[in-house]
Amino acid sequence: MIPFIDLKQQYALIQEDVESAVLKVLRSGQYILGPEVGELERELAAFAGTKYAVTCASGTDALMIALMAKGIGPGDAVFTTPFTFVATAEVIALLGATPVFVDIDPETYNIDVAALQRAIVALRGCGQLKTGGGTVDGVRARAIMPVDLFGLPAEYDRINALAKQYDLDVIEDAAQSFGGSHNGRMAGSLAEIGCTSFFPAKPLGCYGDGGALFTNDESLTQLFHSIRVHGQGQDRYENVRLGITGRLDTIQAAILLAKLRIFQQEIEARQRVAASYGAAIRSAGLPLTVPTVPEGCLSAWAQYSLLSEDERHRQSILDKLKAAEVPTAIYYPRPLHLQKTFANLGHRAGDFPVTENVAGRIFSVPMHPYLTDEKIGHIVHAMK
Ligand SMILES: *Cc1c(COP(=O)(O)O)cnc(C)c1O
């Protein structure tokens, strides 16, 4: 059976490094904020090309810390897409702010920048979020949280320009795109604050939960450090703001340091796998839309997602892959605006037609750096 993401094969490559690094931490007794954490932060910042990187307990916490550092809360609107993992919008709502969903681009599945501008203008005009089934009053446009879906960076040149024009903050959800880039700049560094996740299945994963924030701003970095440890001030028992228990533990930092050594090579291998899928699908003549990577972008290929013709076509392909013992996944079958969690926003089916259409047709096939052309051939053949 072909694994969806092959972490065992990767482990065999780095086993000695990881095991000796973890053993060193176990013997050191410095389980929280040991020296490996600072070392990892320096290496992550160098990799992303930012001045600072601050690690934290998960990708969700990274997004949460970013919003808290910007003082976002009740009455604030944060623009994002309904076609993402729930965490993106969840943290906005957890802080009492309002997620304002914007439809996606039909080719990249990332936020549609023209629709974003329309949503900003509409909200600023009346302070009201109008949805298919209701209105939310008294919300002020504050920030944009674009998501780099499946590893492909969103259109930051245009998004940052809009943010400047309308005086909004931009927080990049780079949970899936770390290792990717946009016009020569690395994912995580594409907005004022970048957030990523080290969940095991992400392009750079640890062996538990983990995340990081990236920025060039020193005062934001100080806020991230403070919020990460219960809003601490100059010393441990001085609390100057609300915070969380948001640290990355030393063992995970040691694991990530070992994995970072092969990460660039893995990102290159993912490009080969994606190209090989594309070529095999085209030569098989399958009626599937392969992912679009716009000029100047490099995807980290967190997922390789294909667009079928319709829901029935998708089901027939998923059935064939299942029969051939090829694992598949659907990211994401139900858009966030139609989830019960966000029912209070009053959305209805039809509010975001591109998202709803794509959610009914998309599916993902195995993607990891160690997938051979032979296995790719087998997977594509099984879809016929
Ligand atoms: C995985 C993911 C997150 C959350 O990361 P965790 O480390 O699981 O908390 C946030 N946003 C997106 C788009 C993700 O894919």
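What follows is a walk from stop to stop, with something to select at each one.

Before we set off: this is a predicted model, where local features need pLDDT of at least 70 and side-chain atom pairs count only at pLDDT 80 or more, while totals for chains, interfaces and linings use all residues. Residues are numbered from 1 along each chain as its sequence is written, and side-chain values use heavy atoms, with hydrogens and water left out.

**Stop 1: a patch on the surface**

Select L23, L26, Y31, I32 and L33. Together they make a nonpolar surface patch with about 440 Å² of accessible area. Accessible areas here come from the Shrake-Rupley method with a 1.4 Å probe, and for residues only the protein chains shown count as cover. A patch is built from residues with over 30% relative accessible area and no salt bridge; like charges are joined within 9 Å, and nonpolar side chains (Val, Leu, Ile, Met, Phe, Trp, Tyr) within 5 Å.

Now pick out I32, which sits in the loop between α1 (7-28) and α2 (35-48). Helices (H or I, at least four residues) and strands (E, at least two) are DSSP runs, numbered from the N terminus. I32 is partly exposed, at a relative accessible area of 48%. On this scale buried means under 20%, exposed means over 50%, and partly exposed is in between (1.4 Å probe, protein chains only).

**Stop 2**

K24 belongs to helix α1 and E36 to helix α2, so the pair ties together parts that are 12 residues apart in sequence. A salt bridge means a side-chain nitrogen of Lys or Arg within 4 Å of a carboxyl oxygen of Asp or Glu.

Which end of this pair is buried, and which is exposed? K24 is exposed, at 57% relative accessibility, while E36 is buried, at 8%. The whole structure has 10 salt bridges.

**Stop 3: strand β6 and its partners**

Select R142 and D76 for another salt bridge, with the closest N and O atoms 3.3 Å apart. R142 is in strand β6 (residues 140-144) and D76 is in strand β2 (residues 76-80), so this pair ties together parts that are 66 residues apart in sequence. R142 is buried, with a relative accessible area of 15%, and D76 is buried too, at 5%.

Next, colour β6 itself. Of its 5 residues, 4 are buried, so β6 is largely enclosed by the rest of the structure. Strands β2 and β6 run parallel and are joined by 4 bridges; two strands count as paired if DSSP finds at least two bridges between them. To see one of these bridges, select A77 and its partner in β6, A141. β6 also pairs in the parallel sense with strand β7 (residues 169-173), over 2 bridges. There, A143 stands opposite D169.

**Stop 4: a three-strand sheet**

Move on to β9, β8 and β12, which form an open antiparallel sheet in that order. β9 (185-186) and β12 (297-298) are at the edges with a single partner strand each, so one side of each has no neighbour in the sheet. Strand β8 (residues 181-182) is joined to β9 by 2 bridges. Select S181 to find one end of a bridge; its partner in β9 is M186.

**Stop 5: a pocket and a cavity**

To find its centre, select F85, Q176, S197, F199 and K202, the closest to it of the 23 lining residues. α3 gives the most to this lining, with 3 residues.

The structure also holds 2 cavities of 30 Å³ or more, and the largest cavity has about 100 Å³ of space. Of its 13 lining residues, F150, L152, P291, T292 and W301 are the closest to its centre.

On a 1 Å grid over the protein atoms alone, a cavity is a set of points where a 1.4 Å probe fits but cannot get out; a pocket is an open set with protein on both sides within 12 Å along at least five of seven lines, and lining residues have an atom within 4 Å of a point. Grid points are joined across faces, edges and corners, and a volume is the space filled by probe spheres set on the points.

Finish by selecting R272 and D373, a salt bridge whose closest N and O atoms are 3.4 Å apart. R272 lies in helix α8 (residues 250-284) and D373 in helix α11 (residues 373-382), so the pair ties together parts that are 101 residues apart in sequence.
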